[in-house]
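Open the model in your viewer and keep the selection tool at hand. The tour makes a few stops, each with something to select.

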Amino acid sequence: MLGFLVVAVVGALSFAAVNFYGVKKLDTGTDLMREIAAAIQDGADAFITHEYKIILGISVIIAVVLGVVVSWYTGVAFILGAVMSGSAGWVGMKIATIANVRVSNRARETGSLGKTLQVAFRGGSVMGLSVGGFALMGLAIIYFVFGRLFGQTEVGSLIIVVNWIGINFIPFTMTVSGYALGCSLVAMFDRVGGGIYTKAADMGADLVGKTEAHIPEDDPRNPATIADNVGDNVGDVAGLGADLLESYVGSIISSVVLAAYMFYTTSQSPDPMSSSLITKLITFPLVFAGIGVIASMVGILALLLKKASDKPHRELNVSTWLSAGLTLIGTGVLTWLTFSGETFTPVLGFNAGPLSPWIAAVLGIVSGIIIGQLAEYFTSYDYKPTQGIAAASRQGTALTITQGLAIGMKSTFFPIIMLAIAVMGANAVAGLYGVAMAAIGMLSFVVATVSVDTYGPIADNAGGISEMSKLDPHVREITDELDSVGNTTAAIGKGFAIGSAALAALSLFASYLYSQAGPENVEGLYTLVLDMINPMTLAGGLIGAALPYLFSGILVEAVAKAARKMVDEVRRQFQADPGILTGESKPDYRLCIEISSAGAIKEMKGPAAIAVLTPLVSGFIFGPQFVGGLLIGTTLSAIMLALFTANAGGAWDNAKKYIEHGHHGGKGSEAHAAGVVGDTVGDPLKDTVGPSLDILIKIMAVISLIGVSVFQRFNLLALFQ
């Protein structure tokens with residue numbers, strides 16, 4: 001079965017390489033277009049290179065600590081996870097900065113919306129294929145090297161061992177958890193750092209350029225324009241890819257950890273799980289994911305090979321739906337072939353059919369699609385909620401903000417209902433393993449999802465290059481149309497990211513409960529009880545519920561700090577050289593890029609420290625019950641806040657665009673000025689806070705899963721009892 005995984009990995013990365021060089025060989029247009037594109041590329045390269053140097057230093061320290069305190073293979077797996085996630089982000093950012101100018105030039109040469117879409121989507125597919133390919137490549141290495149060569153997946157090795165300082169764990173579960181932590185660390189830096197970078201530049205550019213100087217978006221006279229375009233690649237491409245790669249890996253390893261501990265549990269009971277079943281349960285999630293990668297490749301090809309269409313939304317939906325449909329069919333066949341004849345009673349506690357894991361995954365897929373459609377309803381200007389914000393803008397900025405807040409708050413309810421239904425349904429058909437499979441199902445066609453999401457920032461950048469290169473207005477109309485569709489697909493993608501993060505975090509939390517019990521406490525493995533009336537658990541839940549608000553406040557403040565510096569710099573340049581606004585002088589783009597870079601690198605450290613250190617410090621002081629409450633509180637609070645911020649920000653953005661399309665007075669009207677302010681307020685919410693909260697709950701869950709083996713034995717509270 002794992003041989004198929006190799007086929008999926010090689011196919012995905014080969015297809016990514018073909019699309020990468022296929023886009024790269026396209027014409028880049030005029031000299032001015034190439035000059036602007038080179039400035040964007042240099043800025044993005046400089047930031048991510050500096051960021052990765054910081055990640056390298058931190059990764060070495062963490063790997064050494066894991067190697068000494070836990071096991072050497074946990075440290076090695078951690079480095080492998082960081083390398084895979086970092087590679088996907090780097091490749092995605094490179095293709096985005098290569099594709100943007102070529103998309104702009106294709107629109108200039110052909111004047112065709114459909115042909116321009118194909119170039120943008122081909123560039124986006126490189127990021128999607130890299131996410132799936134690199135994530136599964138790392139897991140394949142883990143399985144072949146540590147699972148097969150070192151025997152960690154052999155039935156006789158699925159036991160709890162005790163290391164040199166008395167910490168107990170199942171070796172393979174700790175190996176895959178280390179891999180997930182490596183992915184999480186890179187995702188944290190890419191999402192948080194990229195989010196601060198892009199929104200500081202975007203807000204600085206809008207606040208001075210649009211509202212004070214009254215010049216268009218992406219006008220070459222605006223000194224912050226290049227920094228804004230750099231930010232799209234850093235935050236919305238590299239950050240997005242790392243985020244969903246982390247969710248993808250987290251959902252897979254949660255099912256593996258659960259299966260391993262379930263096997264250990266039943267091995268102590270009169271009716272043990274069969275050795276053949278545990279082997280299948282451990283390898284099944286990877287092959288399931290591999291089928292999703294192959295299906296997504298077909299979906300991508302369907303869009304790239306067919307005749308160009310001038311209906312981008314429909315074409316992108318067809319590609320995604322085809323990927324999802326083929327995934328459903330392929331994984332259904334896989335599940336039947338894998339589990340036909342097996343009995344799940346020992347592991348689940350009830351009789352379940354051979355298709356039970358697949359049904360759970362289907363529930364995840366369906367709930368993910370519905371959550372995505374709900375996100376589209378609340379954020380697209382084709383529907384009443386966003387149109388209502390635009391209408392409110394006629395009465396001024398205050399009502400724009402008020403209406404946007406109301407829409408964001410209301411938008412959290414129905415997605416949560418879908419998550420609850422998915423969790424209950426998946427648990428009913430396949431137990432906790434089914435909940436993990438629901439998360440995998442939601443992300444099974446992540447290659448297609450990321451490809452669609454990444455095309456948006458590429459089109460946005462292409463529009464900026466078109467504006468700065470003073471191309472025919474029709475070129476900008478084409479890129480704006482693609483960008484508008486991209487905003488909707490991005491909102492859908494955020495819904496998928498939040499939903500999958502919630503399911504993955506819940507699955508990891510179940511694994512955390514299993515990991516609390518050692519060989520001396522087998523009963524703890526059976527009961528999986530977290531005492532909610534225990535004062536430590538309640539206190540942890542309270543602090544956990546407050547943590548996302550502290551985290552989000554720090555992020556918004558970080559964006560505001562960097563944006564203020566950007567505003568001051570843009571104003572300074574306009575005042576120092578009036579020729580910039582008349583077009584007689586060139587602004588200094590480099591200084592604005594440096595402000596965004598310095599602000600992002602400096603301000604990302606606090607939020608990253610909160611996510612990494614909070615579960616560890618809490619565990620070493622108060623013990624595992626407190627951390628269990630902390631995880632529950634953080635997860636529930638962060639899911640709500642992430643949905644609210646993502647949808648409110650997206651609705652404000654598209655309300656502004658709805659006005660710019662000629663409604664309520666169009667550009668230059670009072671309604672438009674209010675819409676611009678609403679969009680500016682929403683920018684750090686939808687592109688910094690919302691996505692970063694996904695990372696917060698996942699990285700805390702993974703760190704707790706690894707750390708519980710340590711602070712279960714060593715914590716201050718236990719010393720005084």
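Start by selecting Phe-20, Val-23 and Lys-24 in helix 1, which meet Val-91, Lys-94, Ile-95, Ile-98, Ala-99 and Arg-102 in helix 3. Contact means heavy atoms within 4.5 Å. The residues of this contact divide into 6 nonpolar, no polar and 3 charged; Ala, Val, Leu, Ile, Met, Phe, Trp, Tyr, Cys and Pro count as nonpolar, Asp, Glu, Lys and Arg as charged, and the others, Gly among them, as polar.

This is a predicted model, where local features need pLDDT of at least 70 and side-chain atom pairs count only at pLDDT 80 or more, while totals for chains, interfaces and linings use all residues. Residues are numbered from 1 along each chain as its sequence is written, and side-chain values use heavy atoms, with hydrogens and water left out.

Next, show helix 1 (residues 2–24) and helix 3 (residues 72–110) whole: they pack at about 30 degrees, with axes 9 Å apart. That makes helix 1 roughly parallel to helix 3 (angles under 35 degrees count as roughly parallel). Helices are DSSP runs of H or I, at least four residues, numbered from the N terminus.

Now go to Ser-184 in helix 5 (residues 171–210). Is Ser-184 buried or exposed? Ser-184 is buried, with a relative accessible area of 1%; buried means under 20% and exposed over 50%, with a 1.4 Å probe and protein chains only. Not counting residues up to four places away in sequence, Ser-184 touches Glu-246, Ile-695, Ile-699 and Val-702.

Finally, select Gly-404 in helix 12 (residues 397–410). Gly-404 is buried, at 0% relative accessible area. Neighbours within four places in sequence aside, Gly-404 is in contact with Ile-389, Ala-648 and Trp-652.

Definitions and conventions:
Axes are lines fitted to C-alpha atoms, for helices over the stretch in contact, and angles run from 0 to 180 degrees between N-to-C directions. Helices (H or I, at least four residues) and strands (E, at least two) are DSSP runs, numbered from the N terminus. Angles under 35 degrees count as roughly parallel, over 145 as roughly antiparallel, 65 to 115 as roughly perpendicular and the rest as oblique.
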